[in-house]
Amino acid sequence: MGDGLKKGTKKNELGGLAVRLIVVSFASLVMAMNIKTFVHTGNLIPGGASGLTLLLQEIFKKYFGIILPYTVINLLINAVPVYIGFRFIGKKFTLLSCWVIVLTSVLTDVLPPYTVTRDPLLISIFGGLINGGAISLCLLMDSTSGGTDFISIFLSERRGVDSFNITLIINACILAAAGLLFDWNKALYSIIFQYASTVAIRVLYRKYQKATLFIVTNKPREVCEAIYDLSNHGATVLEGEGSYEHCERYVVYSVVSSAESGRVTNTVKKIDPDAFVNVLKTERVLGRFYQRPAD
């Protein structure tokens, strides 16, 4: 019985890993195609490790007449972030991310260029959204596209804040360097590209965003148990009085991740259809807050 359970668990783990590998491989293909179509056509610097790679390629090509392969530069730039991933985030997470980095790099060198549109604004907006969508696929599969994503996740887990705005600031510095060395039009359009990408990530990937729940209910114990079962987070029960009917009420207060808030509120309404639920966006949490591990 025990051996059968272990085999079943192992089979499920391998199946889950296979799904993750397929999804991140597709995301890598999308990122590489995005570089070979929108990014190259618009002559953009998309930020992050890929943007820094493209910037170094441009510098060596313009000032030294040397054409460097994308793969070599990108792998070297990602060496330190990968170490951070192995050391502080998780081995499976980092190994899968390494696969994304290598596959995206190789595909970027191999795939032929293709022009969808030459309008710089359309390239910046839609290229950024596609880039953000591909990165979000990786993040949802507990991996990353490398570079500054490792740094953002490290800061999010250590400091308990949504750190993808820090990535935007780092990328702005890279783009400012591109503007100083080459063309400010390229840098400004690249900022639009990066902003669209960051917006897409914030909408699609909400693990490090948090929501505060205020739930007025007559079934506080059942609601607290549901919150813990669904999110592994505790709750505080406050006693109060309804101002209209002057009857006893309970307020359940809890903070969960934004990705979990929908499931929690739906379950609460099933437990107590008369419950009043208020969901607020949480900017920052200090103290103990359970974060699901990457591996």
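Aspartate 142 counts as partly exposed because its relative accessibility is 25%; buried means under 20% relative accessible area, exposed over 50%, and partly exposed in between (1.4 Å probe, protein chains only). The model is a predicted one, in which local features need pLDDT of at least 70 and side-chain atom pairs count only at pLDDT 80 or more, while totals for chains, interfaces and linings use all residues. Residues are numbered from 1 along each chain as its sequence is written, and side-chain values use heavy atoms, with hydrogens and water left out.

**Loop residues with positive phi**

- Aspartate 142 sits in the loop between H6 and H7; helices (H or I, at least four residues) and strands (E, at least two) are DSSP runs, numbered from the N terminus.
- The phi angle of aspartate 142 is near 60 degrees, a positive value in a residue other than glycine.
- Asparagine 43 belongs to the loop between H1 and H2, and its phi is near 55 degrees, a positive value in a residue that is not glycine.
- With a relative accessible area of 38%, asparagine 43 is partly exposed.

**The chain as a whole**

- The secondary structure consists of 11 helices and four strands.
- The chain has 295 residues, and 42% of them count as buried.
- Among contacts between residues at least 6 apart in sequence, 77% join residues at least 24 apart; contact means heavy atoms within 4.5 Å.

**The cavity**

- Rolling a probe the size of a water molecule over the atoms shows where empty space is left.
- One cavity of 30 Å³ or more is present in the structure; on a 1 Å grid over the protein atoms alone, a cavity is a set of points where a 1.4 Å probe fits but cannot get out, and lining residues have an atom within 4 Å of a point.
- The volume of the largest cavity is about 350 Å³; grid points are joined across faces, edges and corners, and a volume is the space filled by probe spheres set on the points.
- The lining of the largest cavity is made of 27 residues, and Gly47, Ser50, Asn131, Ile135 and Ser145 lie nearest its centre.
- Elements that give two or more residues to this lining are helices H1 (2-42), H2 (48-63), H3, H5 (91-110), H6 (120-140), H7 (148-159), H8 (164-181) and H9 (184-204).
- H9 contributes the most to the lining of the largest cavity, with five residues.
- By type, the lining residues are 11 nonpolar, 15 polar and one charged; Ala, Val, Leu, Ile, Met, Phe, Trp, Tyr, Cys and Pro count as nonpolar, Asp, Glu, Lys and Arg as charged, and the others, Gly among them, as polar.

- Helix H4 spans residues 79-89, and its buried residues are Pro81, Val82, Ile84, Gly85 and Ile89.
- Exposed residues Val80, Tyr83 and Arg87 are carried on the face of H4 turned away from its buried side.
- Asparagine 78 is placed in the loop between helix H3 (70-77) and H4.
- Asparagine 78 counts as buried, at 2% relative accessibility.
- Leaving out residues up to four places away in sequence, asparagine 78 touches Ala49, Ile101, Gly146 and Gly147.

**Residues paired across the sequence**

- Lysine 92, in helix H5, counts as exposed at 52% relative accessibility.
- Between lysine 92 and serine 143 there are 8.4 Å, C-alpha to C-alpha, and the two are 51 residues apart in sequence.
- Isoleucine 125 is part of helix H6 and is partly exposed, with a relative accessible area of 33%.
- Isoleucine 125 and serine 197 are 72 residues apart in sequence, with 8.2 Å from C-alpha to C-alpha.
- Not counting residues up to four places away in sequence, isoleucine 125 touches Ile192 and Ala196.
- Isoleucine 215 lies in strand E1 (residues 210-217) and counts as buried at 1% relative accessibility.
- The C-alpha atoms of isoleucine 215 and threonine 265 are separated by 8.9 Å, and the residues are 50 apart along the chain.
- Residues touched by isoleucine 215, not counting those up to four places away in sequence, include Val223, Ile227, Tyr250 and Phe276.

Conventions
On a 1 Å grid over the protein atoms alone, a cavity is a set of points where a 1.4 Å probe fits but cannot get out, and a pocket is an open set with protein on both sides within 12 Å along at least five of seven lines; lining residues have an atom within 4 Å of a point.
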